[in-house]
Amino acid sequence: MTEQRAKFKFSADNKGLSSLTTKEHQENLAKWSLGETIRGKVFRFDQPFQEYELQQLVLDFFSDPIVLSELQVLHSKHGSWGPLGQQATGVDFDPVPCTQLSMEFFDRLYECGVLRADGAIKGCIPEYVEGLAINNELEKAMFMEDSDNHDVFSPDERSQLLFRLFMLLIKGGPLNQYEDNIGAYFDMTKLLYKDLVSVSKDPQTKSLFVNSSVVSINSVEGLCPLFPEPDHPQNCLFLVVCPTTRAVRVLYNAWVGD
């Protein structure tokens with residue numbers, strides 16, 4: 001295999017994601033059992049980026065010495081963080097749709113009765129799905145395919161980055177203390193989304209649009225495993241590429257056991 005020459009070089013931006021670092025937000029993440037497993041990082045790249053170069057940028061990212069020294073993942077369920085390894089030889093990833101501009105996307109949860117007017121989450125008789133305790137109508141709508149409100153969001157809508165962030169926060173970690181009101185979930189989802197994506201205005205239509213490209217990393221050949229418990233739905237490694245600021249914003253979370 002002929003080694004492909006890297007086009008993009010990266011530097012670390014120490015600002016990080018503010019939505020994960022303020023005291024109030026850290027307290028909520030700890031309550032949801034995500035405080036020790038979720039991290040955000042920002043890197044800058046040195047060349048103009050076009051959408052067709054996404055695959056090369058992702059491979060260059062995981063082959064860059066700065067990234068490999070700065071970006072850490074959980075190596076064990078016991079909270080041992082460490083670097084990724086030496087150099088990637090291949091990356092398996094999926095594009096993630098990212099077109100939503102407003103939290104009005106979730107208004108239908110009020111309309112279908114999952115949420116009350118004051119934001120209270122409607123309760124239900126507890127059920128268990130694949131080891132997950134379902135304690136309210138929101139969790140039923142999110143995680144139970146046979147629930148009355150599961151199809152409130154289509155499969156395409158569920159693939160959106162905004163929806164996936166919302167799901168990540170609701171399900172949380174193995175010791176999650178669930179909220180009775182939607183407010184904290186909505187606030188954190190909005191802040192995290194704003195931290196990750198960039199928005200531009202079309203010069204002709206004056207309409208706003210998301211100008212970031214998002215990928216979900218499944219595996220990286222040549223490096224250590226990304227997650228201590230592979231294939232768990234709460235694992236995520238999102239790269240959000242923002243061409244106008246030449247930034248790659250990274251969101252990582254790993255499930256660390258029941």
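A residue is called buried when its relative accessible area is under 20%, exposed when that area is over 50%, and partly exposed in between (1.4 Å probe, protein chains only). The model is predicted: local features need pLDDT of at least 70, side-chain atom pairs count only at pLDDT 80 or more, and totals for chains, interfaces and linings use all residues. Residues are numbered from 1 along each chain as its sequence is written, and side-chain values use heavy atoms, with hydrogens and water left out.

First, select helix α8, residues 183-196; helices (H or I, at least four residues) and strands (E, at least two) are DSSP runs, numbered from the N terminus. The 14 residues of α8 reach 20 Å from the first C-alpha to the last, close to the expected 20 Å, which is 1.5 Å times one less than the number of residues. Which residues of α8 are buried? They are Tyr 185, Phe 186, Met 188, Thr 189, Leu 192, Tyr 193, Asp 195 and Leu 196. Their cover includes α1 (23-31), α7 (161-171) and β11 (236-242), counted by contact, meaning heavy atoms within 4.5 Å.

Next, select His 150, in the loop between α5 (137-143) and α6 (155-158). His 150 counts as buried because its relative accessibility is 15%. Its side chain reaches the backbone oxygen of Met 144 at 3.2 Å. Leaving aside residues up to four places away in sequence, His 150 touches Ala 141, Met 142, Met 144, Glu 145 and Arg 158.

Finally, select Val 199, in strand β8 (residues 199-201). Val 199 is partly exposed, with a relative accessible area of 45%.

Methods
A polar contact is a pair of N or O atoms within 3.5 Å; within protein, one must be able to donate a hydrogen and the other to accept it, and residues adjacent in sequence count only if both atoms are side-chain atoms.
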